[in-house]
Structures are given as structure tokens and as C-alpha cells.
Amino acid sequence: MATLEPVWQAPVRRAMATRDQYRGVVERIPPGPARDRLVAMQPSLDTAVQRVAQAAYRASSAQAMTATLDEQGATAELKAARRELDANRSAGREADALEARVDALADRHRAIHDALNLADGAGAQLDDLNVRLETAVARAATIALRASEHDDLDRIDGELGEVVGGLTALDEALGQLGP
């Protein structure tokens, strides 16, 4: 984790702290079916922490990669080509080749912005998913404080599954940008 920038270390540390809190809550629950179910959910939480770390590494890589994209230059080039196209059309000149160039520049501009948006949004998504992990821990603590029905356990299990699914989707989306 030392190779991650602090901005990407934070969500990993937060997820690890949440996992530690979960373990502490489970340890305080008396032996029985509720504790057994919560212990059985531990691998899902471990997977979530691993996915947070994977997504953080990919997001860091994506952010470094997108920093090499010349977003301002691409925008300026697209605007200049559009102005030239408009001038040619206004003057009644042939503009087919220029239209193709503007289309290609617009495609590049969209691709750059898609990559930037994905990289920029990863931090917020990691934060949201960490909040959901913390919610599952809070629900586990509720079980520790009262005799709970199995519905609460099913809810926690479902929430952990949804968080793992969200982290998997984020990791896959970031993986499309590169290593």
C-alpha cells in the first residue's frame, strides 16, 4: 500500500478498519446461530477489502494515465477544427474532409473525458462503498446488542454481497482503462 498515493491509501485503510471493527463485533457476540452466520459472512468482508485495494490501485494507475492525456490540447484542437469547419461552410467551400477530422477529434475528446470521468469518479464510488461496508458493521453491532431475527442477518449478508458486487464492477471498469 505504500506505493499508493495518500488519496488512494485512505479508502483502503478505511475498509481495513471496517473489517477490524466487524471482527471485533463478531468476537463480542455470544456463541450461537447469529455469531455463526456473522462468522460465515467474514469472507465476503475480506473480499470487499481486497476489492477496495484492487480498485484503489487501478484508480491510482488510471489517474496517472489520464494525467498524460492532453485534455486541454484536445479541446483546443477540436474547437479550432469546428471554427474552421464553420468558416468553410459559411464561405460555401467543400468541407467533407474537415467534417471527418472534426468527427475524429470529437471522438478523441469524448474518449479522453470518459477516461477522466471514470478515474475522477472512482474515489467517490470507493467512499460510497466503504459507507455501505460500515453500515453492515453497524447492523452486526445491533445484533450484538439485541437478540436479532434472521432477517437482520439476511440483510447484512445481502448488503455485503451488494458491496462486493459494486466493488467488482468498479474494479472491472477501471481495468478497462489499463493495468
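**Helices, burial and salt bridges in a predicted model**

Reader: What makes the span of α1 close to the expected one?
Author: α1 has 23 residues and reaches 33 Å from first C-alpha to last. The expected span is 1.5 Å times one less than the number of residues. For α1 that gives 33 Å, so the span is close to the expected value.

Reader: What kind of model is this, and how are residues numbered?
Author: This is a predicted model: local features need pLDDT of at least 70, side-chain atom pairs count only at pLDDT 80 or more, and totals for chains, interfaces and linings use all residues. Numbering runs from 1 along each chain as its sequence is written, and side-chain values use heavy atoms, with hydrogens and water left out.

Reader: How many helices and strands are there?
Author: Five helices and zero strands. Helices are DSSP runs of H or I with at least four residues, strands are runs of E with at least two, and both are numbered from the N terminus. The order is α-α-α-α-α.

Reader: Why is the chain called more spread out than a compact globule?
Author: The radius of gyration, taken over C-alpha atoms, is set against a globule rule of 2.2 Å times the number of residues to the power 0.38. For 179 residues the rule gives 16 Å. The chain has 24 Å, well over that, so it is more spread out. Along the principal axes, its C-alpha atoms fill a box of roughly 85 × 35 × 20 Å.

Reader: Which residues of α1 are buried, and what covers them?
Author: Among them are Trp8, Val12, Ala15, Tyr22 and Val26. Buried means under 20% relative accessible area, exposed over 50%, partly exposed in between (1.4 Å probe, protein chains only). The cover includes α2 and α4, where contact means heavy atoms within 4.5 Å. In the chain, 35% of the 179 residues are buried.

Reader: Why is the Arg58 and Asp171 pair called a salt bridge?
Author: The term needs a side-chain nitrogen of Lys or Arg within 4 Å of a carboxyl oxygen of Asp or Glu. Arg58 and Asp171 are at 2.8 Å, N to O, so they qualify. Arg58 is in α2 (residues 33-67) and Asp171 in α5 (residues 150-175), 113 residues apart.

Reader: Is Asp171 buried or exposed?
Author: Buried, because its relative accessibility is 9%. Arg58, at 28%, counts as partly exposed.

Reader: What makes Glu77 and Arg108 a tie between parts of the chain?
Author: Their closest N and O atoms are 2.8 Å apart, in a salt bridge. Glu77 lies in α3 (residues 71-90) and Arg108 in α4 (residues 96-145), so parts 31 residues apart in sequence are tied together. Glu77 is partly exposed at 29%, and Arg108 is partly exposed at 34%.

Reader: Where do Arg89 and Glu99 lie?
Author: Arg89 and Glu99 meet in a salt bridge at 2.8 Å, N to O. Arg89 is in α3 and Glu99 in α4, so this pair ties parts 10 residues apart in sequence. Salt bridges that share partners also join Arg14, Asp127 and Glu134 into one network. The structure holds 10 salt bridges.

Reader: How do you know that Met1 can belong to a patch?
Author: Patch residues need over 30% relative accessible area and no salt bridge; nonpolar side chains (Val, Leu, Ile, Met, Phe, Trp, Tyr) are joined within 5 Å, like charges within 9 Å. Met1 has 31%, so it passes the area cut-off. Met1, Met16 and Tyr57 form the nonpolar patch, with about 230 Å² of accessible area together (Shrake-Rupley method, 1.4 Å probe; for residues, only the protein chains shown count as cover).
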